[in-house]
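Start with the structure itself.

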Amino acid sequence: MATLIVYGPDNRTATKLVASVFDRPGQAEPVAVEKWLMQGGDIRQDPGMKEALQGFLKRHRVVKSLAHDVIFGCPHEEGIDYPEGEVCPHCLFWANLDRHTLEPKSPEVSLTAEQILTCLSRERTEQPLVTLAATDRHRDIMVEPFLQAVEIGLARAAAVTPEEADLFTYGVAFLAKWREPRAYPLFIRWLSLPGQGAFEIGGDTVTEWGPRLLASVCGGDLGPIKQLILNREADEFCRSMAVESLAVLAAWGEISREEVADYYLWLVREGLEREPGAVWDGVFNSSHSIEAAQVFAELERAEADELVDPTMDFAEALEEMKKSRPGWEFGLYQDGNPRFDDVAKETSWWACFSKSGFESRPKDDYWDKAWAAELAKLAKHEEAGPPVISVPYVASAKPGRNDPCSCGSGKKYKKCCGK
């Protein structure tokens, strides 16, 4: 077998090809190595190079070759073409970048926008933590490239490449973290794409991040979010994410719960089409999360009209809120929907970063923490005398909508098996 690796002055142009031949699996050192250099142009496109390579492979009776698509770094060799421990003076693109991992050697050292975009566009099996840290330190030069990356993703939604999709997703994550207002119309366009367009670009991040992304960049302008909720051409789950983004803003204290509850009441009375779908389910879940009990009477009418998921029990939800201390459900919702301020944490669940190839979402422990805090409060009241607040409702064996799902997915029950 032969391995074919290319090198170049940047991540686009290959000027050096190295072919290594191995005669058995697991062999540490190759039995033959050949190097070709080219001045000007791309060595991968040169007809003479292809002929020379075929001759080399034939001489060594190679039956299988493994070619790497990515450029593996600078074509010059440290200690040979330039002094050990120094930066190659000919290929400044690779300065402060590890040639094998494309990670910055130090996040504190200044990088170019092109270097960061290259790092975040490369297929990986481990999180690029150093790159993410470096990106956050270079906000001043990265906002515009990320806005452009999102524009490209939207323009190529049906034919986006894996590299473009990765860059799109990192772009929306950092723009949300930085609360960039210019990203707002782009996010609305993304979630307004017809059919499965939004998911073709962003995958599961639509439902995992959607509400907090919109809440992060809207800057208090709720008009576009409300337009998305009413946009019947958009995907129903994207519309549901827009519904929940208002609850998120209430959880962050940026709009009042009363304002959100009044809008939800308008939606169920006259704003939404009288057709079943995820938007109705989203109104129910969000109303429960912010304890908008006044919406439930209208939702019961919607249930009778078979507009919502029949597994959703309004009577049970109301009973839960009556038995719980006021603010209990809303407090859980606040804990479970923090501000979007840690891109490394937010991307840690991606399946490509799991050794098994499956998603490895970190488990949400906010329920356990909130329950422990409540028990501690009750213990203090018992020491001082009779409690002055009602005892929180203890859920039955059946998971509540905001409980972690028992299947182990890491999602809330209402977003997983409870759909």
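At 37% relative accessibility, Cys352 is partly exposed. The model is predicted. It contains zero disulfides and 19 salt bridges.

**Cysteines**
- Cys91 takes part in no disulfide; its nearest cysteine sulfur belongs to Cys74, 3.6 Å away.
- Cys91 is buried, at 3% relative accessible area.

**Salt bridges between helices**
- Arg189 pairs with Glu151, with 3.2 Å between the closest N and O atoms.
- Arg189 sits in helix α6 (residues 184–191) and Glu151 in helix α4 (residues 139–155), so this bridge ties together parts 38 residues apart in sequence.
- Arg189 is partly exposed at 41%, and Glu151 is partly exposed at 36%.
- Arg269 bridges to Glu298, with the closest N and O atoms 3.3 Å apart.
- Here helix α11 (residues 257–271) holds Arg269 and helix α13 (residues 296–304) holds Glu298, so the pair links parts 29 residues apart in sequence.
- Glu298 is buried, with 17% relative accessible area.

**Other salt bridges**
- Asp23 and Arg24 meet through their side chains at 3.6 Å, N to O.
- Asp23 is exposed at 53% relative accessible area, and Arg24 is exposed at 53%.
- A salt-bridge network links Asp10, Arg12 and Glu114.

**Thr169**
- Thr169 belongs to helix α5 (residues 162–177).
- Its relative accessibility is 6%, which counts as buried.
- Leaving aside residues up to four places away in sequence, Thr169 touches Ile201, Gly202, Thr205, Trp209 and Trp350.

Definitions and conventions: Residues numbered from 1 in each chain as written. Predicted model: local features only at pLDDT ≥ 70, side-chain atom pairs only at ≥ 80, totals over all residues. Heavy atoms only, no water. Disulfide = S-S within 2.5 Å. Buried < 20%, exposed > 50% of the residue type's maximum accessible area, 1.4 Å probe, protein only. Helix = DSSP H or I, 4+ residues; strand = E, 2+ residues; numbered from the N terminus. Contact = heavy atoms within 4.5 Å. Salt bridge = Lys/Arg side-chain N within 4 Å of Asp/Glu carboxyl O.
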